[in-house]
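Thanks for coming, everyone. Please have a look at the structure on the screen, and then I will walk you through it.

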Amino acid sequence: LALLFVVDFTERSPWLQLPLGFVLVAGFFAAATMKSISYPWMVVLFCICLSVLLLGYMRVKLFRDESARAFFGAAGISFFTCAVALTIAWVSWMSVTGHTFIGNEDTKVWLASENEGVYAYLSSKVNITDFTLDYVSHCGINKSLSAFTAAEQTAVEAKCSDAEEVWFLQWSGPFVAIVCNFIAAGFCA
């Protein structure tokens with residue numbers, strides 16, 4: 001943001017604003033992605049904020065002459081349409097894959113198997129020799145942590161929680177987008 005202030009962003013032409021804005025957004029996405037295991041909600045929050053910021057930018061720079069009622073009416077219809085399309089896609093995806101309920105152990109095992117890289121990364125953060133974090137063995141309903149000391153059990157459970165937060169947000173991310181689109185449509189109406 002300091003860069004935008006230094007280059008007097010608001011006074012530049014749109015041909016310069018768009019590339020600079022793209023670099024700023026790409027930088028934020030890169031930072032959010034790099035921290036996504038530690039803060040998995042960061043990418044979702046950033047995307048929510050980005051749509052509101054983009055809507056504000058479009059209103060001020062591109063649709064200044066349009067009436068507020070026409071602009072926000074069109075934006076509301078767009079948000080509503082996206083929410084309905086996402087709902088249909090998400091429900092269809094859950095139905096086709098059979099992973100409709102996050103409380104189902106089969107769904108959890110499937111999500112954990114799809115995120116083996118997350119478990120491998122988090123294994124390196126536990127100070128146990130020759131340890132590989134695994135959902136079924138260390139985090140699942142039939143986990144067995146009796147071979148570990150109390151401190152190691154606490155560390156393993158913490159990393160299980162971190163991994164579960166990542167795949168839960170992956171599974172529920174479309175629902176968050178649906179809710180945010182419906183809320184944005186409501187505010188625009």
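F71 is buried, with a relative accessible area of 8%. Buried here means under 20% relative accessible area, exposed means over 50%, and partly exposed is in between, with a 1.4 Å probe and protein chains only. Before I go on, a word on the source: this is a predicted model, where local features need pLDDT of at least 70, side-chain atom pairs count only at pLDDT 80 or more, and totals for chains, interfaces and linings use all residues. Residues are numbered from 1 along each chain as its sequence is written, and side-chain values use heavy atoms, with hydrogens and water left out.

Now the rings. A pair of aromatic rings is described by the distance of the centres and the angle of the planes. Rings of Phe, Tyr and Trp (its six-membered ring) pair if their centres lie within 6.5 Å; planes under 30 degrees apart are stacked, over 60 edge-to-face, and the rest tilted. How many aromatic pairs does a search of the whole structure find? Eight. One of them joins F63 and F71. Their centres are 5.6 Å apart, with 40° between the planes, so this pair is tilted. F63 is partly exposed, at 33% relative accessibility. Ring pairs also bring in F72, giving a cluster of F63, F71 and F72.

A nonpolar core is a set of buried Ala, Val, Leu, Ile, Met, Phe, Trp, Tyr and Cys residues joined through side-chain atoms within 4.5 Å. The largest one has 23 residues. Which residues have the most contacts inside it? They are Y119, F131, L133, V156 and W167. Helix 4, helix 5, helix 6, helix 7 and helix 8 each supply at least two residues of this core. Helices are DSSP runs (H or I, at least four residues), numbered from the N terminus. Helix 8 gives the most, with seven residues. A second, separate core has seven residues, and F71 is among them, along with L55, F79 and A185.

Next, helix 5, residues 105-114. T107 sits in this helix. T107 is buried, at 0% relative accessibility. Leaving out residues up to four places away in sequence, T107 touches H99, T100, F101, I102 and W171. Contact means heavy atoms within 4.5 Å. The buried residues of helix 5 are T107, L111 and A112. They cover an arc of only 130° around the axis, so they lie on the same side of helix 5. The arc is taken from the directions from the helix axis to the C-beta atoms. These buried residues pack against helix 6 (116-123), helix 7 (135-139) and helix 8. What caps the N-terminal end of helix 5? N104 does: one of its side-chain oxygens lies 2.9 Å from the backbone nitrogen of D106.

On to the cysteines. A disulfide is a covalent bond between the sulfur atoms of two cysteines. The rule used here is a pair of cysteine sulfur atoms within 2.5 Å. By this rule, the count comes to one disulfide. C139 and C160 form it, with their sulfur atoms 1.9 Å apart. The torsion about the S-S bond is about -75°, so the disulfide is left-handed. C139 is in helix 7 and C160 in helix 8, 21 residues apart, so the pair links distant parts of the chain. Are these two cysteines buried or exposed? C139 and C160 are both buried. For C160, the relative accessible area is 4%.

C160 and L133 are 27 residues apart in sequence, yet 7.8 Å apart in space, C-alpha to C-alpha.

C188 is buried, at 9% relative accessibility. C82 is partly exposed, at 41%.

That is my tour. Questions, please.

How values were computed: Polar contact = N/O pair within 3.5 Å; in protein donor to acceptor, adjacent residues only side chain to side chain.
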